[in-house]
Amino acid sequence: MFMKTSKKGSVKKSASSKNTKFRPNNLFDKQRAILFVAAFAVVGVLVLLRSQAATLRLADFETGDFSQIQSGNPTLQAVNINPSASAVVIANDKAYDGSKSARASIPEGVGNKYARTIWELTSPWSEGTDIWYGQAIYLPVGFKNAMQSYFVPMRWDNYGSSSNDSRGGISMWNDKRFRLFRLHAGIDSTETPLVGPFDISEGVWHWLEVRQKFSQSDGAAINEVYLDDVLIGSSTARNYFGVPITRLRNGIVAMGDQTNALDLWLDRLSIGTTKLGQLSAPDTTAPKVTISSPINGSSVGRNTNIVSTATDNIGVTKMEVYIDNNLKSTSSSGSISYAWNTRKISRGAHTITTKAYDAVGNIGTSTVTVYK
Ligand SMILES: [Ca+2]
Ligand SMILES: [Ca+2]
């Protein structure tokens, strides 16, 4: 059931005939042989130059749009969804670096769904290509429970450019664990992971990076997965099937049998020829908290709604409401509300404090004093 396809693999023998068989035993054929060698040498040099020309491509979304992904093909949108609604938007509420990220969302409903960005590769990946690709990923608390079948957050493929498509990348299966996988229509459906399974925890940003040297031969390929800059597994098993790879996608690339709504955040999507690695600067910025209700200095009625929101440079992981230093409510997001019944409290001044935490424990607070 893992990304089934109805396509059957078929291998066509290349047409050859004895009339065109190459026999370099006369002058014409010798000249032809020299031309062949020269042509292959030129192609080889061009391929080499092309591979050397590959430089880091990085989308951190600080531009506020998807132009960093759409380079080279403005008609190929970074935003796609099936069946409906907006899929990937620039988000300001969480970011791995800077202040913006991409948020991929799918609505409730049945069906194969996707909400992903698409990189059009500047040159196809093929036998011998040694490439790094990665992304920062934030799975909100509850994501795994809501994920019902399988989910692919990062995938390369040649779908669209070849009917004989093959795919690989990172997927999460219904055991809620992640793998580096390979798949080829009609040929490899064994679902044997190249690396994994491994865990990616919720409620905190992670840096996920993959190195793959592509080869159809077991032992000649390289497959490495890094999570938060730590190598968590590797193999040299065959990782692709000879069809040039033309696209890399990030987000909710595919899922099966999903009815729950889901969303996740992405940042710092990258393609390069060397390891990019996790951002080294630690997060020392505390969340900024505001209490929008009640207003500082106001008199409170019998039923008072306490409403507070927080933002953070990376992400708010928890919020709390305190009344006179007593914890009353918690949430796992960047907003919190609490219905305060003041009937039993004493007359006079009372303090309301809300706290917001980020993943590394920085705490922001906001306090108002109200009167009964
Ligand atoms: Ca960013
Ligand atoms: Ca922070």
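Visitor: What makes Ala-104 and Leu-264 contacts of Ile-252?

Guide: Two residues are in contact if their C-beta atoms, placed from the backbone, lie within 7 Å. Leaving aside neighbours within four places in sequence, Ile-252 is in contact with Ala-104, Ile-106, Lys-113, Tyr-114, Ala-115, Arg-116, Phe-151, Leu-262 and Leu-264. This is a predicted model, where local features need pLDDT of at least 70, side-chain atom pairs count only at pLDDT 80 or more, and totals for chains, interfaces and linings use all residues. Residues are numbered from 1 along each chain as its sequence is written, and chains are lettered from A and ligands numbered from 1 in the order in which they are written.

Visitor: Why is a set of residues called a nonpolar core?

Guide: The name applies to buried Ala, Val, Leu, Ile, Met, Phe, Trp, Tyr and Cys residues joined through C-beta atoms within 7 Å. Buried means that 20 or more other C-beta atoms lie within 10 Å of a residue's own (exposed: 12 or fewer; partly exposed: in between), with C-beta atoms placed from the backbone. The largest core has 61 residues, and Ile-252 is among those that touch the most other members. Apart from it lies another core, of 13 residues, including Ile-291 and Val-321.

Visitor: What makes E16 and E17 a pair?

Guide: Strands are DSSP runs of E, at least two residues, numbered from the N terminus. Two of them pair if DSSP finds at least two bridges between them. E16 and E17 (residues 303-311) have five bridges, in the antiparallel sense, so they meet the definition.

Visitor: Why does E16 stand at an edge?

Guide: E16 (288-293) has a single partner strand, so one side is left without a neighbour in the sheet.

Conventions:
Helix = DSSP H or I, 4+ residues; strand = E, 2+ residues; numbered from the N terminus.
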